[in-house]
Amino acid sequence: MKRILLYFTSVLILAISSRAQDLPVVETGSKTPMPEAWIDKDTGHKLIHLTAREGDNRSFYFHNNPFLPATGAENEKMIFYGLVDGERQLFSVDLKTRETVQLTNKKGVSGEIVGKNTRRVFYQCGDSVFSTGVDDRKTRLIYVFPDSIRANITTLNADETLLAGAVSSPKEQDLFRQNPKKSDYFTVIYEARLRRSLFTIAVASGEFKSIYSENAWLNHIQFSPTEPELLMFCHEGPWHKVDRIWTININGGEPQLMHKRTMDMEIAGHEFFSPDGNRIWFDLQLPRGETFFLSGVDVKKGEEKRYSLTRDEWSIHFTLSPDQTLFAGDGGDPGQVAKASDGMWIYLFHPENDRFRSQRLVNMKHHDYQLEPNVHFSPDMKWIIFRANFEGHSDIYAVELRRSVQ
């Protein structure tokens, strides 16, 4: 039986209708199930279940936009994944009424791509690429990869005319099958240096175009949110061995390195564009596991801006607010690269000169970080949305930035 939601509001993320002091004050994840809404006893911040369906639910990867703006007829929505009969399907949740609608009903759905303007989701099932309207739920086949190509779409450009992704070789697919764990395949795939190619697919016509090839593990492919022809990709592999972050103009430009390593064991990664497309932000460690920064490189000028963090404040992923004034992070357990002794928190970061002042939002001590929380700011900047498994399965939560208990 679906959860009965007890608290509603008329604002964007449906804050709780009861006063904050009427909510239970609970250690997050200390009981199963958790209340529908509660105050984290360690931080004083209010949390809610964002989705109202049973089973496994997961929000998107940290740099993939899940939100659709409101229209005259539709409220603001968020897209997410939920399990249905063992298959991942895409859903939308209305951020005002919390109504949940299943968008796909296919096997092998993959891809976290939302067209904000066309109000469509783009995804792949095996060799076939589809799009489905979030409002009308009409589905269109865009492209079918030939048997000779193994490829995945990962991103949509700013004017929503082109999808992009990478083509891999049959040998690479064999190596992944033989080494299913990341700890096994990560170095194996990097050292194999097999051919990969970046490609685009025209949304309207289905035209496939190969734009760049290299004997390297090309990955983490993201279009600029503002420049339709600018594509970012990485040289994947052990971060201390690669100059990782690159951009390319899809109409024939040469790849441009965004950050050059300057010392042994320096690492940079988990890159993402700023909302205005002017900077690429990334986790920077000088060297690995010793000193920690979030750094942003100006895409056109190459100038870098850095904010320092402590070991405990380091996060697997970072994100930037829509107005670019605040950052957030999902923390990490002691097994992560920072080896933090007290890093299992959802964080809000306030930039102050060249450092971050951190604010703890959620105690994640009962969360298993094999599932990365992947934080997102809500469009109104009142909530941080994340996924967690502290109730014994993956679900989607929102924590209010404003502190409810002083």
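Buried means under 20% relative accessible area, exposed means over 50%, and partly exposed is in between (1.4 Å probe, protein chains only). The model here is predicted, so local features need pLDDT of at least 70 and side-chain atom pairs count only at pLDDT 80 or more, while totals for chains, interfaces and linings use all residues. Residues are numbered from 1 along each chain as its sequence is written, and side-chain values use heavy atoms, with hydrogens and water left out.

**Exercise 1. Cysteines**

Work out whether Cys125 counts as buried or exposed, and how many disulfides the structure holds.

Solution. Start with accessibility: Cys125 has 11% relative accessibility, so it counts as buried. Cys234 is at 0%, so Cys234 counts as buried too. Now look for disulfides, meaning pairs of cysteine sulfur atoms within 2.5 Å. The structure holds zero of them.

**Exercise 2. A four-stranded sheet**

Find the strand order in the open sheet that contains β9, then say which strands stand at its edges.

Solution. First, the terms. Strands (E, at least two residues) and helices (H or I, at least four) are DSSP runs numbered from the N terminus, and two strands pair if DSSP finds at least two bridges between them. Next, read off the order: β9-β10-β11-β12, with antiparallel pairing. β9 (109-115) and β12 (139-144) are the edge strands; each has a single partner, so one side of each lacks a neighbour in the sheet. From one strand to the next, the twist averages 25°, using lines fitted to C-alpha atoms as axes (for helices, over the stretch in contact) and angles from 0 to 180 degrees between N-to-C directions. Then zoom in: β10 (residues 120-125) and β11 (residues 128-133) are joined by six bridges. Phe122 has Ser131 in β11 as its bridge partner.

Finish with the loop between β9 and β10, where you'll find Arg119. Arg119 isn't a glycine, yet its phi is positive, at about 55°. At 9% relative accessibility, Arg119 counts as buried.

**Exercise 3. A hairpin**

Identify the residue that stands opposite Ser197 in β16, and find which residue takes a positive phi in the hairpin of β15 and β16.

Solution. Begin with the pairing: β15 (residues 196-202) and β16 (residues 208-214) run antiparallel and share six bridges. Opposite Ser197 sits Ser213. The hairpin has five residues between the strands, and Gly206 takes the positive phi, near 75°.

**Exercise 4. The cores**

Name the residues with the most contacts inside the largest nonpolar core.

Solution. A nonpolar core is a set of buried Ala, Val, Leu, Ile, Met, Phe, Trp, Tyr and Cys residues joined through side-chain atoms within 4.5 Å. The largest has 51 residues, and Met364, Ile384 and Phe386 have the most contacts inside it. Strand β27 (residues 345-352) gives the most to this core, with five residues. Now take Met364: leaving aside neighbours within four places in sequence, its contacts (heavy atoms within 4.5 Å) include Trp345, Tyr369 and Phe386. A second, separate core of 16 residues includes Ala164 and Tyr212.
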